[in-house]
2 protein chains.
Amino acid sequence: MTGSPSRVRVHNFSVSLDGFATGEGQTFEAPFGHAGQRLHEWAFGTRTFRGMFGQPGGGVGVDEAFASSWNRGIGAEIMGRGKFGPHHGPWTDHDWRGWWGDEPPFHTPVFVLTHHPRPPVEMDGGTTFHFVDATPAEALALAREAAGGLDVRIGGGPSTVRDFLTADLVDHLHLVVVPILLGRGVRLWDGQEGVESRFDAEATSSPSGVTHLTLTRRPA
Amino acid sequence: MTGSPSRVRVHNFSVSLDGFATGEGQTFEAPFGHAGQRLHEWAFGTRTFRGMFGQPGGGVGVDEAFASSWNRGIGAEIMGRGKFGPHHGPWTDHDWRGWWGDEPPFHTPVFVLTHHPRPPVEMDGGTTFHFVDATPAEALALAREAAGGLDVRIGGGPSTVRDFLTADLVDHLHLVVVPILLGRGVRLWDGQEGVESRFDAEATSSPSGVTHLTLTRRPA
């Protein structure tokens with residue numbers, strides 16, 4: 001820790017060329033709907049993502065350089081309920097503990113935004129899911145408290161990232177623009193006219209075909 | 001000429017990060033509506049664009065490398081009426097001869113798509129505007145005939161590019177993704193789900209902050 005204030009960061013957040021961050025029709029079998037794995041193929045080749053799933057090897061080029069920073073200095077995550085699972089309304093499947101198996105890759109407290117709070121779920125490896133009915137600012141206060149001075153990651157999905165952007169609570173946004181046209185799904189950018197004026201933008205294209213775009217909050 | 005078949009090309013076509021290729025509210029003073037000049041600032045610094053307007057100098061980096069290929073090997077252009085002028089419906093201002101002064105930078109036949117045909121307008125420097133009420137395929141047949149074996153450029157705006165994509169008549173699409181969020185205007189990508197499957201994509205980021213994305217038709 002450097003004494004600099006805790007930042008709010010988004011990492012490895014893929015969007016299609018037409019601005020969709022997830023496809024239409026999320027199900028248990030298809031967490032990203034009709035997008036399938038197409039938004040994240042760039043990531044599957046990286047050492048970081050392979051390591052998350054216990055696989056050896058992986059590229060160490062520019063995709064990896066971006067992918068690997070997702071967990072560095074992070075003390076808590078906030079995610080939308082759609083990232084946690086495909087359910088809606090009151091919880092009926094209390095056995096559901098996320099998509100990630102017994103040891104999720106977060107290793108920090110994770111705050112799941114839901115209108116249906118329930119007791120926390122403690123997982124192996126340091127991840128605990130907390131279920132909170134809260135505004136972005138309220139959830140961030142909880143996550144900052146839990147992060148102990150480290151940064152807070154906004155984990156998605158698109159509606160959650162958008163809500164934090166709208167509330168002007170994001171300091172660092174790493175997007176991955178994937179050259180596919182989904183045509184339908186959930187748009188990241190609705191209602192975000194002019195948001196770039198608060199950020200410095202930098203684009204870095206990758207041999208994999210994607211472009212890494214970072215938006216970093218301008219100093220006040 | 002190399003004997004290869006005449007191709008249909010789109011060049012220097014800027015889109016915002018949220019997929020708008022022009023803003024809302026086109027007028028004589030604001031050809032791109034509320035987008036102003038923000039979609040094309042990357043181009044104003046290039047040697048090619050400066051040269052078009054009789055200005056000396058300009059950058060010769062990656063933006064120029066892409067910008068400069070717009071006119072090479074082109075024998076005719078097809079444009080939508082909105083690119084030609086801000087008018088709608090039957091022509092009332094017959095003195096309007098486009099935004100570009102007496103000597104437009106095209107120097108070829110230009111086919112303007114309109115439901116209101118009128119006699120051709122011959123300009124200085126080899127540009128002649130033809131006004132045709134035609135489908136994309138019909139307009140392309142006319143333009144190919146006029147191009148004498150050279151390539152045909154689809155000059156925009158977004159609805160025109162989209163119509164040619166939908167008709168599967170585009171061979172080479174050079175987009176420039178500009179990291180701004182317009183929020184409103186005319187979207188390029190409506191109805192284009194899956195269009196990338198016909199193309200090879202290549203992304204090149206520029207120090208200016210934009211990303212050049214080329215979609216090149218895959219060999220059959």
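In this predicted model, B:E196 and A:R38 form a salt bridge, with 3.7 Å between the closest N and O atoms; the term denotes a side-chain nitrogen of Lys or Arg within 4 Å of a carboxyl oxygen of Asp or Glu. In total, 4 salt bridges are found by this rule across the interface of chain B and chain A. Polar contacts across this interface link 9 residue pairs, both residues being at pLDDT 80 or more. A polar contact is a pair of N or O atoms within 3.5 Å; within protein, one atom must be able to donate a hydrogen and the other to accept it, and residues adjacent in sequence count only if both atoms are side-chain atoms.

Three elements of chain B, β8 (172–178), β10 (199–205) and β11 (211–217), each give two or more residues to the side that touches chain A. The most, 4 residues, come from β10(B). Strands (E, at least two residues) and helices (H or I, at least four) are DSSP runs numbered from the N terminus. The side of chain B that touches chain A comprises 13 nonpolar, 8 polar and 7 charged residues, where Ala, Val, Leu, Ile, Met, Phe, Trp, Tyr, Cys and Pro count as nonpolar, Asp, Glu, Lys and Arg as charged, and the others, Gly among them, as polar.

Each chain supplies residues to the contact, 28 from chain B and 28 from chain A, contact being defined as heavy atoms within 4.5 Å. About 2,100 Å² is buried between the two chains, and carbon and sulfur atoms give 58% of this area. On the side of chain B, the residues that lose the most area to chain A are B:L17, B:L181 and B:E193, together 30% of what that side buries. Buried area is the accessible area (1.4 Å probe) that two parts lose on being put together, summed over both.

The same surface serves both copies, since 100% of the contact residues of chain B recur in chain A.

A cis peptide bond joins A:G156 and A:G157, with omega about -5°. A:G157 lies in the loop between β7 (151–156) and α6 (158–166) of chain A. In chain B, a cis peptide bond joins B:G156 and B:G157, again with omega about -5°. A:D168, although not a glycine, has a positive phi of about 55° and is located in the loop between α6 and β8 (172–178) of chain A.

Residues are numbered from 1 along each chain as its sequence is written, and chains are lettered from A and ligands numbered from 1 in the order in which they are written. For this predicted model, local features need pLDDT of at least 70, side-chain atom pairs count only at pLDDT 80 or more, and totals for chains, interfaces and linings use all residues, while side-chain values use heavy atoms, with hydrogens and water left out.
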